[in-house]
Amino acid sequence: MLNGTQKRIVCMWFPRLASDRAQRVRPVNGPFALTLRHGNTERIHCLNATAEALGLYRGMGFADARAFCPELVSKPAEPVSDERFLHALRRWAQRYCPWVGLEEPDGLVLDITGSAHLYSGEEGMLTDMRQRLIHAGLSVRLGLADTRGAAWALARHGEGIAPAGAPLGVLAPLPVAALRLDSKTVTALQRLGLRSIAELEATARAPLSRRFGPQVLRRLDQALGRQPEQISPLSDPPHYGVRITLPEPIGLVDDVMSLTGRLLDQLCDKLANHGEGARVLRLTLHRVDQVADQVELRLARPLKDARRILPLFERSVSKVDAGFGIDLMRLEATAVERVEAEQLGHASGVDTSRLDDLLTRIGTRIGIENIQRFQPVDTHIPERSFLLTPACGTTHEIGLSPSTAPGWAPLRPRPLRLFPPEPIDGSTRRPPERFRWRRMSFSVGHATGPERIAPEWWLEDETWQTGLRDYWRVSTRQGRRLWLFHTPQRPAWFVQGEFP
């Protein structure tokens with residue numbers, strides 16, 4: 001009960017959600033199916049009504065389906081896209097009531113208590129839902145009852161409306177599978193002769209509880225309204241956008257920057273309340289002639305400080321043509337990241353804010369993705385010991401591999417300059433006393449080594465086909481400090497780097 005009003009729940013079931021979504025993008029006239037790999041077998045994940053009419057079914061091997069129906073059109077399933085589509089449907093369903101939850105992977109549940117009168121009653125509301133979804137190209141089955149369990153059962157096993165206060169009369173002829181039980185429990189109940197909800201309700205409860213545990217009776221009581229079951233609606237993610245409408249158009253850079261500062265104050269307060277920082281900001285300036293100019297600012301680090309962000313807009317804003325004036329401004333954070341709390345003061349470590357602001361300013365000129373840095377990689381192979389990555393990207397954005405370790409350091413010193421191996425003359429396992437390299441003659445004063453490095457056998461690399469390498473740090477009498485290596489399996493000497 002809710003304020004004296006009987007609760008009414010609607011369940012939406014989309015039996016062909018995945019295939020309907022795919023066909024909305026590219027319609028197919030004829031049998032169509034989505035496939036998904038299970039183990040080593042490609043199986044049908046979802047299919048349209050035409051394919052079902054030909055005898056195909058979910059879980060069927062794709063090879064068998066093609067042999068049975070050669071004209072079958074197929075494509076790989078996209079579960080992530082299907083999940084996003086279901087979330088979009090949840091937002092759409094809020095037109096009927098504010099309490100909308102998910103029945104994953106292919107359903108929605110709505111608490112329409114007190115809102116059916118807006119559509120001339122429950123029948124009118126369900127008719128409106130069905131017509132809109134069919135017009136959108138979606139197959140849907142609807143169930144309406146006093147409880148979530150009863151509405152779920154009606155949507156999947158007997159589409160219709162259950163009268164208020166009498167769920168058992170509608171649920172009685174439905175199979176026990178309508179109680180949201182797992183397949184093993186349903187099979188066990190059927191073997192005992194309990195095939196319908198009416199037969200299950202007439203059975204003694206104590207033996208059922210001892211044999212199947214509390215789950216069967218709990219689902220039965222939830223469907224019949226003896227035990228409450230809540231609907232947990234999903235909250236929409238925070239939207240980081242603010243706008244201002246001007247009574248008179250403006251065109252001066254100082255006026256635009258002043259209003260941008262006001263928008264930034266509001267936006268940064270919202271970011272701070274959610275513990276987020278902006279990485280990409282978009283300022284949209286709407287002119288009176290219905291033309292809009294956009295200024296995008298990509299920050300080197302996530303920020304929520306309006307005073308630091310505002311000066312970074314000035315260069316781009318000064319290039320905007322105001323035309324006959326700007327009468328609407330909108331500021332939006334299109335990409336945000338979590339910002340951890342920082343200890344302010346002397347104990348907070350090195351302040352990198354000025355460097356971050358400098359990178360942002362340079363990024364507005366040449367593109368922030370063009371500012372790059374060397375990232376160390378956890379490997380002893382010299383050629384793979386670094387990775388060139390965007391200087392302002394996060395680990396997730398630049399796609400670093402698990403072996404990338406920003407704090408990793410080799411056990412032995414490495415040269416500052418590294419280049420492809422260049423051969424020199426040498427015949428012994430120790431560095432040659434004299435050798436020529438790059439048309440210059442050198443004599444060895446001091447040599448430290450060897451440091452043996454073995455190739456990574458699980459990776460193919462043409463430069464390591466010579467096998468093991470013995471590295472030496474060599475100080476020459478001419479003042480050059482070189483990094484040499486010897487290949488004992490195919491005797492030869494090479495220079496690969498130079499120390500400062």
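Me: How are helices H1 and H4 oriented relative to each other?
Reply: In this predicted model, helix H1 (residues 17-25) and helix H4 (residues 79-93) pack at an angle of about 90 degrees, and their axes lie 10 Å apart. Angles of 65 to 115 degrees count as roughly perpendicular, and H1 and H4 are therefore roughly perpendicular to each other.

Me: Which residues make that contact?
Reply: On the H1 side they are Leu-17, Ala-18, Arg-21 and Arg-24. H4 contributes Ser-81, Asp-82, Phe-85, Leu-86 and Leu-89. By class, the contact of H1 with H4 has five nonpolar, one polar and three charged residues.

Me: Which strands does H4 lie across?
Reply: H4 lies across E1, E5 and strand E6 (107-111), and it runs at about 20 degrees to E6.

Me: What is the order of the strands in the open sheet?
Reply: The open sheet has five strands in the order E5-E6-E1-E7-E8, and the pairing is mixed. Strand E5 (100-103) and strand E8 (160-161) are the edge strands, each pairing on one side only.

Me: In which sense do E1 and E7 pair, parallel or antiparallel?
Reply: Strand E1 (residues 9-13) and strand E7 (residues 141-145) pair in the antiparallel sense, over five bridges. One example is Cys-11, whose bridge partner in E7 is Gly-143.

Me: And what about helix H6, which strands does that one lie across?
Reply: Helix H6 (residues 148-157) lies across E1, E5, E6, E7 and E8. The angle at which H6 runs to E7 is about 150 degrees.

Me: Let us turn to the arginines. Is Arg-279 buried or exposed?
Reply: Arg-279 has a relative accessible area of 7%. Buried means under 20%, so Arg-279 is buried. Arg-279 sits in strand E10 (residues 276-287), and its side chain is joined to that of Glu-337 by a polar contact of 2.9 Å.

Me: What is the phi of Arg-180?
Reply: Phi of Arg-180 is near 60 degrees, a positive value in a residue other than glycine. Arg-180 lies in the loop between helix H7 (167-171) and helix H8 (183-191), and it is buried, with a relative accessible area of 15%.

Me: And Arg-439, buried or exposed?
Reply: Arg-439 is exposed, with a relative accessible area of 81%. Arg-439 is placed in the loop between strand E16 (434-437) and E17. Although Arg-439 is not a glycine, its phi is positive, at about 65 degrees.

Me: Back to helix packing. At what angle do H10 and H11 pack?
Reply: Helix H10 (residues 205-212) and helix H11 (residues 214-224) pack at about 125 degrees, with their axes 6 Å apart. That angle makes H10 oblique to H11. Among the residues in contact are Leu-208 and Phe-212 of H10 and Val-216 and Leu-217 of H11. The contact of H10 with H11 has five nonpolar, two polar and two charged residues.

Me: Last one: where is His-380?
Reply: His-380 is in the loop between strand E13 (372-376) and strand E14 (386-390). It is partly exposed, with a relative accessible area of 40%.

Conventions. Residues numbered from 1 in each chain as written. Predicted model: local features only at pLDDT ≥ 70, side-chain atom pairs only at ≥ 80, totals over all residues. Heavy atoms only, no water. Axes fitted to C-alpha atoms, helices over the stretch in contact; angles between N-to-C directions. Helix = DSSP H or I, 4+ residues; strand = E, 2+ residues; numbered from the N terminus. Parallel < 35°, antiparallel > 145°, perpendicular 65-115°, else oblique. Contact = heavy atoms within 4.5 Å. Nonpolar A, V, L, I, M, F, W, Y, C, P; charged D, E, K, R; others polar. Buried < 20%, exposed > 50% of the residue type's maximum accessible area, 1.4 Å probe, protein only. Polar contact = N/O pair within 3.5 Å; in protein donor to acceptor, adjacent residues only side chain to side chain. Pairing = 2+ DSSP bridges.
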